[in-house]
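Here are some exercises to work through with the sequence and the model side by side. Try each task yourself before you read its solution.

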Amino acid sequence: MKTKDMTQYLAVDLGATSGRTVLASFDGQRVEMREFTRFENPQLPLGGHIYWDLPHLYNEVLRALRQVKAEGIELQSIGIDTWGCDFAFFGRDGQLLGLPYCYRDPHTDGSMERFFGECMPQTDVYARTGIQFMPFNTLFQLYTLRRNGCEALAYADKILFIPDALIYMLTGETVMETTVASTSQMLNPVTGDLDEALLKAVGLTRDRFGRLVQPGERVGVLTPQVQDATGLGAIPIVAVGSHDTASAVAAVPAADADFAYLSCGTWSLLGVESQKPIITDESFQENFTNEGGLDGTIRFLKNITGLWIYEQCRKQFKDDSSKFKDVPADVNALNALCLQSDCASLINPDDPRFAHPVSMTAAICEYLTETGQTLPQTPADYVRIIFRSLAARYREVVDILRRLTSVDIRRLHVIGGGSRNEFLMQFAADALQMPVIAGPQEGTALGNILVQVRAAGDVSTLAEMRAIIARSIELKEYQPKSSSIQR
């Protein structure tokens with residue numbers, strides 16, 4: 001790796017509740033990052049549906065670029081990552097045709113079963129894609145919109161995933177980055193492109209989507225209009241791991257391949273890196289997914305309900321203070337309550353009743369009553385139940401990964417905001433009986449930035465990227481202390 005002058009990059013990192021831009025500097029050895037701007041990403045309830053305000057997100061990117069100009073920063077490039085599955089429609093004149101639907105819109109409820117009955121058996125869909133079945137996958141969204149006579153779909157010249165839509169609005173280039181496309185349940189991991197039979201099933205053709213690009217590919221530069229609006233020049237846009245989990249996994253600071261990763265937040269995504277898709281009867285039965293990663297790797301993983309359950313309970317503690325008394329407002333103090341409980345009850349975090357209950361605490365009690373376990377009496381009991389249940393679920397999934405793959409899993413790398421939760425991390429180490437390496441918390445932004453660094457020619461391999469990350473951040477290791485978590 002060569003030593004060079006400091007270069008600066010901008011990561012646009014959009015989540016399903018908020019977005020931000022992150023400015024990073026690279027000196028040839030280490031990356032330093034600072035949050036540059038932050039903004040809300042509200043879901044819009046409108047006309048009986050739930051949408052994303054894509055023009056708002058675009059405007060926030062422009063705001064960040066104006067601030068780049070105001071501070072006299074010279075950017076090497078820009079990269080964009082977002083959540084998966086969702087998409088936007090654009091007409092032949094380049095105009096946005098309505099707001100993009102949000103994956104939480106209930107219009108896809110029951111869509112999978114209808115699709116399997118009308119279009120293609122479930123086993124055939126999995127054989128073609130190797131993707132975990134969820135009703136909001138792009139395939140089922142498009143099927144639902146077609147079935148409901150969506151006019152925007154009928155008139156769309158291009159269908160672009162959310163990060164690709166922003167790239168188009170900034171550069172005028174219509175692309176389809178492979179890692180975000182892989183979340184659609186329409187990308188065939190063997191052919192490496194959208195599956196023709198699935199396209200036909202939803203009444204579409206390949207030319208309605210952008211050209212396929214890989215992480216690290218320079219896809220275009222800011223349009224003259226964007227340059228005028230921001231005061232910047234023709235800054236390149238680089239396709240990063242446009243699906244946020246792909247960028248996060250790229251940031252795992254592992255020195256070898258003997259690990260599983262956990263992207264820990266509202267959702268928990270637990271898996272391994274594979275050199276080829278794993279599409280078998282057992283992976284189908286276990287509902288594992290094969291999503292795209294860097295360098296042609298496959299993120300073989302399971303989506304698990306994550307800290308959503310905790311977040312909803314925390315909100316309920318706050319909203320119903322007459323029932324839940326003396327609950328700390330500080331999240332770290334609330335986490336620590338788990339040490340004040342010895343409640344041994346466990347839930348299955350992936351039970352459907354925890355997806356969108358009116359009351360999360362009531363849903364937990366309902367589950368425990370049905371399974372004959374002790375009910376929680378205090379907020380400390382709820383917190384302990386949630387953390388220990390998540391840890392036990394991690395152990396179950398790691399055991400399945402060992403059966404389905406050839407990876408010799410010796411440790412778990414945890415990335416994302418949940419890696420800061422020292423109590424959950426220790427419960428995970430105890431449940432797994434192996435080390436848990438926590439960090440980086442900012443894995444998605446780091447992965448985004450390092451792909452841009454690689455595109456600039458400053459590193460050449462994923463191993464070099466991970467070595468830079470290991471030098472740039474502080475990790476915390478949790479060793480197992482007990483093996484008391486049982487199902």
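**Exercise 1. Work out how much space lies in the second largest pocket and what lines it.**

Solution, step by step.

- Start with the volume: the second largest pocket holds about 730 Å³ of space. A pocket here is an open set of points on a 1 Å grid over the protein atoms alone, with protein on both sides within 12 Å along at least five of seven lines, and lining residues have an atom within 4 Å of a point. Grid points are joined across faces, edges and corners, and a volume is the space filled by probe spheres set on the points.
- Next, the lining: it has 28 residues, and Met134, Pro135, Phe136, Trp267 and Ala355 are the closest to the centre of the second largest pocket.
- Then find the top contributor, which is strand β18 (residues 298-305) with four residues. Helices (H or I, at least four residues) and strands (E, at least two) are DSSP runs, numbered from the N terminus.
- Last, sort the lining of this pocket by class: 13 residues are nonpolar, eight polar and seven charged. Ala, Val, Leu, Ile, Met, Phe, Trp, Tyr, Cys and Pro count as nonpolar, Asp, Glu, Lys and Arg as charged, and the others, Gly among them, as polar.

A word on the ground rules: this is a predicted model, where local features need pLDDT of at least 70 and side-chain atom pairs count only at pLDDT 80 or more, while totals for chains, interfaces and linings use all residues. Residues are numbered from 1 along each chain as its sequence is written, and side-chain values use heavy atoms, with hydrogens and water left out.

**Exercise 2. Describe the overall build of the protein.**

Solution, step by step.

- Count the elements: there are 18 helices and 21 strands.
- Take the dimensions: the C-alpha trace spans about 65 × 55 × 50 Å along its principal axes.
- Check the radius of gyration, taken over C-alpha atoms, against the globule rule of 2.2 Å times the number of residues to the power 0.38. A compact globule of 487 residues would come out near 23 Å, so the protein's 22 Å agrees.
- Look at burial: 58% of the 487 residues count as buried, where buried means under 20% relative accessible area, exposed over 50%, and partly exposed in between (1.4 Å probe, protein chains only).
- Finish with contacts, meaning heavy atoms within 4.5 Å. Of the contacts with a separation of 6 or more, 71% are between residues 24 or more positions apart.

**Exercise 3. Find the largest cavity and follow one of its lining residues.**

Solution, step by step.

- A cavity is a set of grid points where a 1.4 Å probe fits but cannot get out. The count comes to one cavity of 30 Å³ or more, and the largest cavity has a volume of about 40 Å³.
- Its lining consists of Ala246, Val249, Ala250, Glu273, Gly293, Leu294, Thr297, Arg299, Leu462 and Arg466. Two or more of these residues come from each of α10 (244-250) and α18 (462-472), and α10 gives the most, with three.
- By class, the lining of the largest cavity has five nonpolar, two polar and three charged residues.
- Now follow Arg466, which is found in helix α18. Its relative accessible area is 7%, so Arg466 is buried.
- Beyond its neighbours within four places in sequence, Arg466 is in contact with residues including Val249, Ala250, Phe259 and Glu273.
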